[in-house]
Amino acid sequence: MAVRRRQRRGPGGGRALLGAVLLCVWWRAAAERVRYAIPEELGTGSLVGPLARDLGLSADELPARKLRLSEEKQYFSVNEENGNLYVNERLDREEMCGESPSCSVSFEVLVHNPLNVFHVEVSIEDVNDNSPTFSKAALDLEIGEWIPPGARFPLEMAGDADTGSNSLLTYQLTGDSSFSLSMQEKPGGKKQPELVLERALDREKQSSLELVLTAVDGGDPARSGTVQVHINITDANDNPPVFSKTIYEARVAENLPVGSLVLQVRATDADAGTNGRVSYSFGRVPDAFRALFTIDSESGEVKTAGVLDFEDKSKYIFGLEARDGGGLTSHCEVQIDITDENDNAPEITILSLSSPVPEDAPVGTVVVVLIVRDRDSGENGQVSCELSGEAPLSIVASSGGSYKVVTASALDREQAAEQRVTVVARDRGRPALRSSRELVLEVSDVNDNAPVFEEAAYSAYVAENNAAGALVVRVQARDADAGANGRVSYWLAGGSAGAAGAAPPVSVEARSGALYAQRSLDYEQCREFWVAVRAQDGGAPARSSTATVRVFVLDRNDNAPRVLWPAAAGEAAPPFEVVPRSAEAGYVVAKVVAVDADAGRNAWLSYELVQASEPALFRVGLHSGEVRTARAVSERDAAKQRVVAVVKDHGQPALSATATLHVVLAESLQEALPELSERAAGGEAAAAELQFYLVLALALLSALLVLSVALLVLARLRRAGPPAVLRCLGAQRFSVAGAAFPADFCEGTLPYSYNLCVAAPARAVPEAAWPPPPVPVLSAEELLGGDSCEKPGLSSELVAGEPPADADAPQVCNA
């Protein structure tokens, strides 16, 4: 059964603060080491001890704490369910520790969550599993017959691989009563068997003897080994060799070159001749010793035959034999101490590596547990560790040669996604040896960065009349995090465009950040708007930021100029301008007023005269739109003039509109009235004819009978002219047309104004034959000069639009 010894003490109090701190430190070191003792040769699966319980872990904690052993030596294993320590393979103390008086196996136990290291030492106790053995199957001795009784003859000692009492040997001799067995005490407690001659030998009676030497160890049960002793009785070699020392000692350094002299033994023999010639050889020596040392049989020099390694074995003890030519032998013991040289660099073993580690790990988090060993001894085996590199890590020494690498400051994955640091271990030898091991620590991401737009505010320009779905602008935000924490999505977060509840004019694609137009934009309705775009990452919780996108709608030339004056046909009665025949060149006839809903160059207007009854008589201002006489009016010029001007903008392509002016050349309004009446009658006739054709078209669609009747009516109407009814209706319209003209056109939003002078029709003329004339438009000179329409004493009534007391008197417009 395994014998375990657990050292664990709880914290205690002290009166002095320093004493309490020192006591806590001592208790912590004691708690991190657990010792067990087991006999060697236990079978695989044998229980060593309840490791989890001795470490203070309950069965419920085992799944979370992940109890495991270091991978240095796999003599033992731990059960993950109950936490017991078991033997994993056969343990042979002699194979593991050789002749060392003590034998133990040390290893580390790792416990996670939180990470900690415990040191376990298992002492391997010896059992009597080895029998005493002799190096030779038989011992040959030559003893002269003249040797007197009482002479002693040393025999080879047996060896036992066990230790302690299991290796204490006693000897027994059987076979012949001529000899007895005696024990000679050796340094270190060992006993040298010696043959003692009990009576004189007679070669003539018996030339040889056979004895059996039995070695018995002190184990329970005891084990034994035997060797045959052959004694050849010879003549007259009465002096055995004698070594100059019983024990020869030497101290040599490891890594000594092969063939180097270690020591020299010397034995002398008082005999002469061949009986006094001494040769040297190994006594009972393991084969491993013969591979490391050689002895010169003539000189007794012991030299190295292989490389000595202090870490393998620090001391060698073996026996040498001196034999003379007569067969007499003598034995001595050689002890060679190997001194350590600093020939082993420290060895770094990673026990645990926590990678990746989150970037928000607190300072002091254990990320690596490692152990450093140096096979050398003394100062050559004393090791110190340090970190080289710029990583925010530090190394802390623990007990048993282990070290912990902990975070020394906050980690930031955005600055360094991995931390590389080198562990450097140095011993204290001269010269010092060092070794290094690079540690690569990955840093896992935490959502600690919000998306950042490339620009805080974006400006986009879109031409109006764009197609729905056209790209407006692309915004982009970058997130320094990784994975889902750095995956950015885009959303609209409000803006100025659209009424409450109305869809915004743009939409944003969630993945790319592209803004697309939802509908066609109209510069004349909306010239600019802004929207807020929010960028949000995929972290939990998510982080976001907002940027403003201001969209400017660019004008296109999609609106033709609109003529405000003169009014287009159908909108009002066509205006007439009265120009006196005495007008000189440059006389202002009228001003064409037009506007364009576009902006910029698309709204820059220019005027051009494209048609006139007398092309040389009129001209129009390119930018002002003022129609003036190009020359003086002559008597040959027709009384009625028609002038057509075109208004063009500067867009690409340019759009235009036309304005038609009707000009009457007359010295006064009364002179122009006949012309105006004919003009009005002609207009009414044209209107009646248009109405007729409309009725005709409707009749054609009704039926064939209606079509034939309509054709007869048409033929009759063409022969007879316009019906009297239509003429009457036209005359009646003209009789009330005067009410359509306001008395004063001076007010309005246009950049100019005209004062209109309206004359009442003469009473002598019937209403049906004398329609009210259109209001003449005064020139700019008349407006600026304060000109007015006068009848002597009645200018105020005329402007007010009321007929004067003397309606028959002619009205004069003075310039």
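**Pocket and cavity linings in the predicted model**

The lining of the largest pocket comprises 20 nonpolar, 17 polar and 12 charged residues (nonpolar: Ala, Val, Leu, Ile, Met, Phe, Trp, Tyr, Cys and Pro; charged: Asp, Glu, Lys and Arg; polar: the others, Gly among them). The model is predicted, with local features requiring pLDDT of at least 70 and side-chain atom pairs pLDDT 80 or more, whereas totals for chains, interfaces and linings use all residues. Residues are numbered from 1 along each chain as its sequence is written, and side-chain values use heavy atoms, without hydrogens and water.

Glu99, Gly159, Asp160, Lys190 and Arg284 are the closest to its centre among the 49 lining residues. Two or more lining residues come from each of β11 (170-174), β13 (191-197), α5 (287-290), β23 (315-324) and β24 (329-339), and β23 contributes the most, with five. Helices (H or I, at least four residues) and strands (E, at least two) are DSSP runs numbered from the N terminus.

On a 1 Å grid over the protein atoms alone, a pocket is an open set of points with protein on both sides within 12 Å along at least five of seven lines, a cavity is a set where a 1.4 Å probe fits but cannot get out, and lining residues have an atom within 4 Å of a point. Points are joined across faces, edges and corners, and a volume is the space filled by probe spheres set on them.

One cavity of 30 Å³ or more was found in the whole structure. The largest cavity has a volume of about 30 Å³ and is lined by Leu353, Val368, Leu393, Val405, Gln419, Val421, Leu439, Val440 and Leu441. Strands β31 (418-427) and β32 (434-444) each give two or more residues to this lining; β32 gives the most, with three. Eight residues of the cavity lining are nonpolar, one is polar and none is charged.
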